Amino acid sequence: MCGIVGYIGHREAYPIIIKGLKRLEYRGYDSAGIALYDGTNIKLSKTKGKVADLEERLEKEISTAGTLGIGHTRWATHGVPNDVNSHPHYSNSGDLVIIHNGIIENYESLKKELIKRGYIFKSDTDTEVLVNLIEDVKKKEKVKLGKAVQIALNQVIGAYAIAVFDKNKPNEIVVARLGSPLAIGIGEDEFFIASDASPFIEYTKNAIYLEDEEMAIVRRHKGIKIRKIKDDTLVAPYIQELQLNLEQIEKGGYEHFMLKEIYEQPSAILDTFRGRLLSNEAIIKMAGIEDNMKKFLNANRIIIVACGTSWHAGLVSEYIFENLVRIPVEVEYASEFRYRNPVINENDVVIAISQSGETADTLAAIKLAKSKGAFVFGVCNVVGSSIARETHAGAYTHAGPEIGVASTKAFTTQITVLTLIALRLARAKGTLSSSDFRHHLIELELIPEKVKKALESDAYVKTVAAIYKDAKNFLYLGRGYNFPVALEGALKLKEISYIHAEGYPAAEMKHGPIALIDENMPIVVIATKKGHYEKVVSNIQEIKSRSGKIIGIVTEGDEQVKALADHVIEVPETIESLTPLLTTIPLQLLSYHIALMLGRNVDQPRNLAKAVTVE
């Protein structure tokens, strides 16, 4: 959540920062602001609303000159979204300016103490408390900004990524992180600071990702000095070469990032298994699995921890792992797992799933599992992210950047990776015959083309969306492997259209939700030929007898559901465990078109953020 952009160097800072903030809009926010320094004055402009609102306001209010600047997009935590609570924030003297992602949990006690010392606060934010705490330390201890930041951060409880500068030291920005990502781009006598690398990808391919409890003093003409916040020890900078490219983070002719990412799924799935799946040789090659095979084969159980869409991918993989590998699997919300004193043993394997690799609750669950001696395996999309660094081993999804807040290709590529893992373990364990193993590999290899075929339903899905766009409620039903797809379909509709929707196991319909069904209720039923087809058909009969409007997701050539449903959307046939990779496609498209018809901001739905780095 929130976005940080900063620049210090020989270029004009404003164009870099404003473009960078636009690149970070996918993170979710409700206000934005920029502070620029021209060597004489700090010029600050901020507003509730979008970056475009800031751009219009700023260019009227202040001069954009200056080679030092910081910018921010805020997702409100402390204080309502308004101009005053927006970042950046000044210290009382006006010398220090800060931007901050995260939450300072003990801000109230710090604020009370600072008020006693004469400090005045204009906003409701924890961030204004932090910048004044830094200023207070700087004055009392008579230290430079970097040391003041270090001392102050040792007094705070919570999570943060910060960038702060002192107008009296115009060649320096101090940055720090704990639980919220921060990257530093390195150019020729210039430095870029951002929540991720997308704001500076066209300027440099070299970046440093700060670790938790690290701070850096970024100085022109002198380079970067990184220290541990707790004990002041120096850290050798580790410079990574970025694999990201500019084309990946632009829309490429699509109206929205979400639509682009839906249509990228054939190539994203292919990229995810490319080099790992060799169907001709009947081999799956995954270094993270091969190097830790004993851990997996000797595991008493697998615990999957995730949030949101990743949790749904975990539910799909529960069916896959238990069916193929014959090992008990538990799927946990990371946010609940970390607080309920779970029973974790040394022979447990914990799989943590996160698109961004920065999800705060999932990171906390990882740390808890490691402290109990469990082996932790990460599945994420972002190279070098916190989860990639915190886990013992892992696998990337190779989905490419996902900018739309509502995950689409993250879901299908996570299922792809988890399927590869399950198949490799099943073969090693001997719970899957060589012929069945080969058959699964062949079918998985065909999935990208079948997803392309499923995308051909787009025009028809659009006509269905037009019929039901004004519905107040939706019900999504599925069985077996497709029950989690029903949950995911309902989540997508809620996220981007703001229509209330619920996903249920189809068999549970008669245990409550059936009371909601009438002629105004659209019910999306996933009824592929594989699995419990006849049982689902019976559920459809029950809906039809109560006048519900049925949208069936069916296998190509289906006649039985077609005769009962108001609308049917066909997907290609595949083996049962792979059907979620196909049945989710029309549900993504349905949500997209309904949201668009309702005039919603599809890529940036209200109140949501792409990387949830606060609890």
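Predicted model: local features only at pLDDT ≥ 70, side-chain atom pairs only at ≥ 80, totals over all residues.

**Entry 1: a proline in a loop**

I began with P88, which sits in the loop between β4 (68–74) and β5 (89–90). For these labels, helices (H or I, at least four residues) and strands (E, at least two) are DSSP runs, numbered from the N terminus. The peptide bond joining H87 and P88 is cis, with omega about 0 degrees.

Residues are numbered from 1 along each chain as its sequence is written, and side-chain values use heavy atoms, with hydrogens and water left out.

**Entry 2: the whole protein**

I then stepped back to the overall fold. The protein has 20 helices and 27 strands. I found that its C-alpha trace spans about 80 × 55 × 40 Å along the principal axes.

How does the radius of gyration compare with that of a compact globule? With 615 residues such a globule would be near 25 Å, and the protein has 26 Å, which agrees. The radius is taken over C-alpha atoms, and the globule rule is 2.2 Å times the number of residues to the power 0.38.

I looked up burial next: 61% of the 615 residues are buried. Buried means under 20% relative accessible area, exposed means over 50%, and partly exposed lies in between (1.4 Å probe, protein chains only). The accessible surface comes to about 23,300 Å², and 48% of it belongs to carbon and sulfur atoms. These areas come from the Shrake-Rupley method with a 1.4 Å probe; for residues, only the protein chains shown count as cover.

For contacts (heavy atoms within 4.5 Å), I took pairs at least 6 apart in sequence, and 70% of them join residues at least 24 apart.

I also checked the charges. The mean positions of the 74 positive and 78 negative charges are 3 Å apart. Lys and Arg count as positive and Asp and Glu as negative, with His and the chain ends not counted. Each charge is placed at NZ of Lys, CZ of Arg, CG of Asp or CD of Glu.

**Entry 3: positive phi away from glycine**

Where does A282 lie? I found A282 in the loop between β16 (277–278) and β17 (283–284). Its phi is positive, about 55 degrees, although A282 is not a glycine. A282 is partly exposed, with a relative accessible area of 23%.

H398 also has a positive phi without being a glycine, at about 60 degrees. I located H398 in the loop between β22 (393–396) and α14 (409–429). Its relative accessible area is 39%, so H398 counts as partly exposed.

I followed the chain into helix α14, where R424 is found. Is R424 buried or exposed? R424 is buried, because its relative accessible area is 19%. The side chains of R424 and E290 are joined by a polar contact of 2.5 Å. Such a contact is a pair of N or O atoms within 3.5 Å; within protein, one must be able to donate a hydrogen and the other to accept it, and residues adjacent in sequence count only if both atoms are side-chain atoms. Leaving out residues up to four places away in sequence, R424 touches I284, I289, E290, M293 and F437.

Which residues do they touch, not counting residues up to four places away in sequence? S310 touches I353, S354, Q355 and Q414, and S317 touches I304 and L418. I also logged S310 and I415, which are 105 residues apart in sequence and 9.1 Å apart in space, C-alpha to C-alpha.

**Entry 4: two long separations**

I put G512 in the loop between β24 (500–505) and β25 (522–527). G512 is partly exposed, with a relative accessible area of 38%. From C-alpha to C-alpha, G512 and Q155 are 51 Å apart in space and 357 residues apart in sequence.

L446 is found in helix α15 (residues 434–455). At 38% relative accessibility, L446 counts as partly exposed.
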